[in-house]
Amino acid sequence: MPKRLLIAAASLMLAVFLILLVPITLSDPELTSRPTVPPMSVGPTGTTILPTEGTSSSSSAPTTPTWLPSSSQPTIPVLPTTAPTSAATQPTTQPTTQPTTQPTTQPTTTPTTAPPEPSTAPTTQPTPPPTTQTTAPPPPGQVRVYVCDKSLLEIYVFLAVEYYAATGTEVILLTNEEGESCEEGLARHMASEAPPTVFCVHQAQTLEQHGDMLLDLTDTQAAQQLYSPDFGMYRGESLVALPVSVDWFGYIFNASLLKDGAFTRADFYRSDMTGYNSMSYIAKYLTSMKTYPFGKPDLSATSDQGLAALLSTAFPDSDQLRSFIDLYVGNSRTTVNALTSFQNERIVFYAGTTATFEEVLALGIDKLDLLPAFVKGSNAMRYTCSDFWAVTGVGYGPDIQETLDFLGWMVKEGSNGRTPIDSFGALSPYKDATVVRNALEKLLRQYMAQEPACLVWDSSCVAQEDFDAFCNALADYYAKPNDTTWEKVALLVKKKKTGA
């Protein structure tokens with residue numbers, strides 16, 4: 001075959017081969033399923049959102065997309081051909097497998113996961129880094145004590161200095177002004193911006209006036225130091241006031257004379273009768289033996305008005321006062337001076353107070369002992385108190401706590417073996433108090449721990465302007481005890497209670 005003919009035949013076969021090869025390549029499913037660019041979704045206004053690296057076509061669009069014009073959308077490349085340029089051999093149409101429109105999977109509307117317009121701020125603001133704020137520590141607690149009795153101010157100043165040295169806590173002392181009563185001064189300070197955290201109470205009316213703001217002191221350290229809960233002042237079930245000091249009123253008796261009558265102190269506490277009945281029985285027996293139990297005072301004499309004042313203080317209840325007087329007057333001998341009669345052993349029992357311990361001990365009697373001033377319905381030792389602590393339960397918490405700590409410190413024995421409250425030099429109802437001035441006070445402390453106590457206000461049951469009338473009414477009752485003469489006494493007591 002001529003060489004030219006072979007070349008022409010080969011060219012023809014090559015053209016036929018290329019014509020057949022191109023459609024097969026374009027319809028290869030593996031080629032169409034592997035796009036050469038990342039999948040895209042249509043954004044607003046015909047733009048295309050290009051997913052960020054590492055995201056899939058099923059995930060939500062990124063918060064800040066990369067916007068590309070739609071004209072820059074890439075197309076699938078087509079393999080080049082070497083087919084002849086002859087019109088007879090060039091196919092007139094595209095292969096049927098070549099897509100002529102956008103794929104059906106291309107979204108025609110904006111997907112719901114499309115991000116907001118670039119001008120719209122993100123819905124979730126980034127959390128700013130935490131900032132360290134420096135706050136000032138709360139101010140320390142402070143103790144503010146209202147003291148009306150100016151004779152005690154010097155003692156409180158000394159204790160305030162001592163407490164500051166021991167704890168670093170400031171104690172501020174408040175008092176009334178010249179011409180201002182205790183109640184007026186307290187009311188003024190309570191209305192100030194820095195009211196007292198603890199104030200000294202001298203009248204039951206003061207507790208009632210400020211009762212709603214008083215702290216219940218039952219579980220405090222100071223209250224636990226009391227010999228007996230009976231030494232506190234109560235408002236309902238709440239312990240609202242603690243005594244600063246107390247005074248005792250009862251019988252100092254010559255135990256040797258009582259023993260000569262075949263009686264001992266234990267006979268007043270027999271289980272088959274009350275102390276009042278025991279005292280009544282023993283007093284009548286001694287009278288029959290011409291050993292008089294009591295020395296009857298002459299209240300018409302000025303020297304004996306002290307007993308009347310004592311009775312008006314120790315027995316604010318007129319019925320208890322009458323039961324005491326009936327026992328006392330009905331079993332006594334008339335004497336000019338009861339103390340002298342007690343010294344001469346003409347009487348067994350001497351009605352006295354803590355203040356009389358020294359003068360009675362000076363008589364040189366070998367054996368002395370103490371008993372309650374028995375009245376109907378009570379066997380308790382009787383104490384009076386004119387100065388109480390009450391704590392304000394409202395206000396700044398650290399102030400209240402520091403005040404309770406201060407009161408606890410006052411009644412607790414320190415490392416020096418001394419209790420601060422001993423500075424007042426009076427009979428203290430707290431267990432750690434160390435001041436014992438004499439043998440009778442030491443004995444009384446023993447009874448404080450063992451026997452029930454009755455605490456009353458050291459406040460006369462009669463008005464000051466009625467005191468002389470009270471003494472005269474008592475003298476009339478002493479001379480002729482009956483309901484008529486007693487009514488004069490009872491009316492004066494009732495007048496003070498009702499204010500009529």
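Threonine 353 is buried, with a relative accessible area of 11% (buried means under 20% relative accessible area, with a 1.4 Å probe and protein chains only). The model is predicted: local features need pLDDT of at least 70, side-chain atom pairs count only at pLDDT 80 or more, and totals for chains, interfaces and linings use all residues. Residues are numbered from 1 along each chain as its sequence is written, and side-chain values use heavy atoms, leaving out hydrogens and water.

Threonine 353 sits in strand E12. Helices (H or I, at least four residues) and strands (E, at least two) are DSSP runs, numbered from the N terminus. Beyond its neighbours within four places in sequence, threonine 353 is in contact with Asp247, Trp248, Phe249 and Leu310 (contact means heavy atoms within 4.5 Å).

Strand E12 also meets helix H8, whose buried residues pack against it. Their other partners include strand E9 (247–254) and helix H10 (318–330). Among the buried residues of H8 are Tyr276, Met279, Ile282 and Leu286. Just after H8, lysine 290 takes a positive phi of about 60°.

Now turn to a helix pair. The axes of H15 (residues 467–479) and H16 (residues 483–498) come within 8 Å and cross at roughly 155°. Axes are lines fitted to C-alpha atoms, for helices over the stretch in contact, and angles run from 0 to 180 degrees between N-to-C directions. H15 is therefore roughly antiparallel to H16 (angles over 145 degrees). The contact involves residues including Phe470 and Leu474 of H15 and Trp486 and Val489 of H16.

Technical notes
Buried < 20%, exposed > 50% of the residue type's maximum accessible area, 1.4 Å probe, protein only. Parallel < 35°, antiparallel > 145°, perpendicular 65-115°, else oblique.
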